[in-house]
Number of protein chains: 2
Amino acid sequence: MATRDPVLLTPGPTPVPPAIRQAMAQPMIHHRTSEFQAILKEAGTGLKEIFKTAQDVYILTSSGTGAMEMAIANILSPGDEALVIRGGKFGERWAEICEAYGVTVVAIDSPWGTPLDLKQVSAALAAHPGIKAVFSTLCETSTGVTFDIRGIRKAMGSSGALLAVDAISGLGAEPFAMDEWGVDVAVSGSQKGLMLPPGLAFIAFSAKAQEAATKSKSRKYYFDLALAKKAWADTDTPFTPAITLIIGLVESLKYIRSVGGVDKLIARNQAQADGIRKSLLGLGFEMYADPACASNSVIAAKVPAGVDGKDLLKRLRSQHGVIIAGGQGKETGKIIRIASMGAIGPQEIKAGFDALEKVLSEMRGKVPDHA
Amino acid sequence: MATRDPVLLTPGPTPVPPAIRQAMAQPMIHHRTSEFQAILKEAGTGLKEIFKTAQDVYILTSSGTGAMEMAIANILSPGDEALVIRGGKFGERWAEICEAYGVTVVAIDSPWGTPLDLKQVSAALAAHPGIKAVFSTLCETSTGVTFDIRGIRKAMGSSGALLAVDAISGLGAEPFAMDEWGVDVAVSGSQKGLMLPPGLAFIAFSAKAQEAATKSKSRKYYFDLALAKKAWADTDTPFTPAITLIIGLVESLKYIRSVGGVDKLIARNQAQADGIRKSLLGLGFEMYADPACASNSVIAAKVPAGVDGKDLLKRLRSQHGVIIAGGQGKETGKIIRIASMGAIGPQEIKAGFDALEKVLSEMRGKVPDHA
């Protein structure tokens with residue numbers, strides 16, 4: 001990376017490698033051509049490998065929230081009951097969309113930064129046997145917590161409810177296996193582990209979820225699974241797709257294959273995340289997330305006492321071109337969040353920590369030793 | 001344009017100029033920064049000039065269809081009645097989305113390729129006084145017809161119905177003036193006159209439409225105007241936006257200003273469209289759209305007798321890299337459609353017609369004179 005380029009260590013968007021950017025900068029092509037059909041096919045095949053599913057993965061032109069809405073609007077109807085596991089801003093979004101669609105929400109409010117008490121899941125389902133779907137988050141970007149999806153599925157026991165997972169942050173960065181884990185709807189986005197610009201969302205439905213979709217009475221059009229399925233059968237999308245981003249997606253999938261596949265990428269992220277945690281502790285930060293549930297996609301840490309979190313972010317950006325994220329919602333100004341996913345590598349992390357060390361020393365009133 | 005590049009003469013996507021592609025290929029930036037806020041502000045200001053409205057123009061990450069859905073989902077409620085003017089594939093889409101949202105559709109089926117009989121509009125409103133909104137298309141891409149939006153507004157007389165216009169094809173390419181023409185909801189997309197890749201949609205609401213939106217009982221979230229308005233007040237979008245496409249949008253708006261503004265661009269398109277029509281007639285094509293309503297964004301022509309329309313398109317593409325569109329729906333194989341909007345200029349049109357002449361001669365069994 002050239003020194004003039006910003007160092008993006010945010011949990012979405014993540015940096016987009018030059019080869020992907022160049023692929024997207026080629027002259028525009030038309031989407032109703034055999035050339036684009038081949039691209040769409042390749043993208044679909046690659047996404048199935050990343051989702052670890054035998055189901056089709058539909059590519060949407062929307063942010064990840066659009067795919068979350070597609071999940072709810074297709075598997076539920078107004079008046080249905082759903083269990084939403086909330087432990088941060090994105091868990092809350094599941095509930096907001098459910099409510100917008102007239103779905104009654106039973107919520108588990110897992111304290112931010114802590115592991116989910118799985119007993120709450122079985123208890124909620126026992127108390128509300130009418131629950132038709134359970135919504136969870138793979139990696140809660142706002143807190144740096146990874147939820148135990150396999151544990152949730154197990155805790156659901158013999159409940160007939162569907163399990164829908166927001167894997168927007170986390171897919172391609174943390175272990176995830178849609179079919180093996182019994183996930184019925186998995187959604188993701190382009191700007192996280194897949195190292196693309198934002199603008200695409202992805203969604204896959206289990207056979208059971210597809211069956212439920214045929215019975216949904218929710219009103220929808222742009223996010224109608226039936227339209228997506230019909231078009232996909234002809235290697236097409238129901239509406240003009242974001243062509244350049246899908247071209248970039250194929251490059252990203254090629255890159256992931258070139259490094260040995262998604263599991264290798266996930267292992268690299270984990271090692272990086274461990275390194276980031278160690279460096280943060282060395283600089284006097286305290287981890288925000290309990291180690292039992294700490295994410296390897298995004299690492300959240302409490303801003304040390306006496307340091308102004310907002311000022312820290314501002315100095316990093318203005319003086320060093322290093323962009324990290326702050327806290328969201330009730331944690332605004334109190335935590336920082338550093339991503340370890342997608343194309344983020346040793347060079348970016350080193351640049352980020354060199355800057356962080358300098359800025360912290362400055363803010364604590366002393367010059368760093370090696371300055 | 002380098003000779004190896006394809007010549008894209010399709011009515012969406014249209015070619016994306018190199019300067020715009022390069023701007024989008026820069027290293028990724030984060031959307032919650034003052035840098036991106038400035039970009040968003042500039043994009044919003046430029047879009048108001050193109051829409052010719054004093055209202056805010058919201059930028060959506062979706063295809064144009066998403067903005068059409070946002071129009072319906074915000075100004076109407078299930079059980080409402082709407083008048084849809086259909087004269088091609090995209091007029092039909094308004095009706096499909098209305099039906100998906102439980103809106104009762106009164107339709108005017110204007111024969112494809114002909115001007116709308118405005119008396120039908122006043123008659124439909126008189127027969128159905130409960131109609132809450134009228135939906136029309138500025139330029140019907142599937143037929144190359146431009147609808148007389150001012151005429152429709154006039155024909156609506158004293159009806160209190162809202163007027164919603166799909167200006168996806170046509171905006172930046174044909175005259176359009178949201179406020180002056182009394183349009184209540186205008187929607188558009190990125191991949192037509194604005195010479196960008198597909199992936200962004202735009203929408204603006206009149207004061208009256210905004211008032212109606214506060215009363216809508218339609219369920220929505222991703223396309224909820226209230227969320228868009230709230231975010232926009234903070235120069236933000238409610239969900240992670242398609243950052244690179246918005247960076248491209250600012251470049252496109254700069255380009256439009258550099259050629260003297262949108263009216264100059266529209267005048268250029270009109271002159272080009274006249275030239276395209278003349279060349280097509282010279283090659284033995286017959287115009288598809290009645291001259292009284294012929295679009296200047298996309299020119300549709302009937303494939304000459306004895307020529308296989310599908311084969312024509314295939315030869316143009318495989319032998320010359322020239323991409324033009326065929327017919328859609330019932331006109332598949334029977335018409336061709338050539339765009340004259342966005343960044344399409346004399347060079348692309350010449351390359352297109354050189355190829356068209358050669359292919360036609362070949363197909364008619366003779367070699368062109370200048371071969």
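Helices (H or I, at least four residues) and strands (E, at least two) are DSSP runs, numbered from the N terminus. The 12 residues of α12(A), 309-320, should span 16 Å at 1.5 Å a residue, which agrees with the 16 Å between its end C-alpha atoms, the expected span being 1.5 Å times one less than the number of residues. The helix is followed by A:G321, whose phi is positive, near 65 degrees.

The model is predicted, and local features need pLDDT of at least 70, side-chain atom pairs count only at pLDDT 80 or more, and totals for chains, interfaces and linings use all residues. Residues are numbered from 1 along each chain as its sequence is written, and chains are lettered from A and ligands numbered from 1 in the order in which they are written.

Chain A is divided into domain 1 (7-15 + 261-363) and domain 2 (18-257), with bounds from an automatic or database domain assignment. The centres of the two domains, taken over C-alpha atoms, are separated by 26 Å. Between them, 28 residues of domain 1 are in contact with 28 residues of domain 2, contact requiring that the C-beta atoms of two residues, placed from the backbone, lie within 7 Å. On the domain 1 side, α11 (262-282) and β12 (298-302) each supply at least two residues, and α11(A) gives the most, with 4 residues.

The contact between the chains takes 44 residues from chain B and 43 residues from chain A. A rotation of 180 degrees with 0.0 Å of shift along its axis superposes chain B on chain A (RMSD 0.0 Å), by least squares on the C-alpha atoms of residues with pLDDT of at least 70 in both; the two copies are thus related as by a two-fold rotation axis. In chain B, the C-alpha nearest the axis is that of B:S62, 2.5 Å from it.
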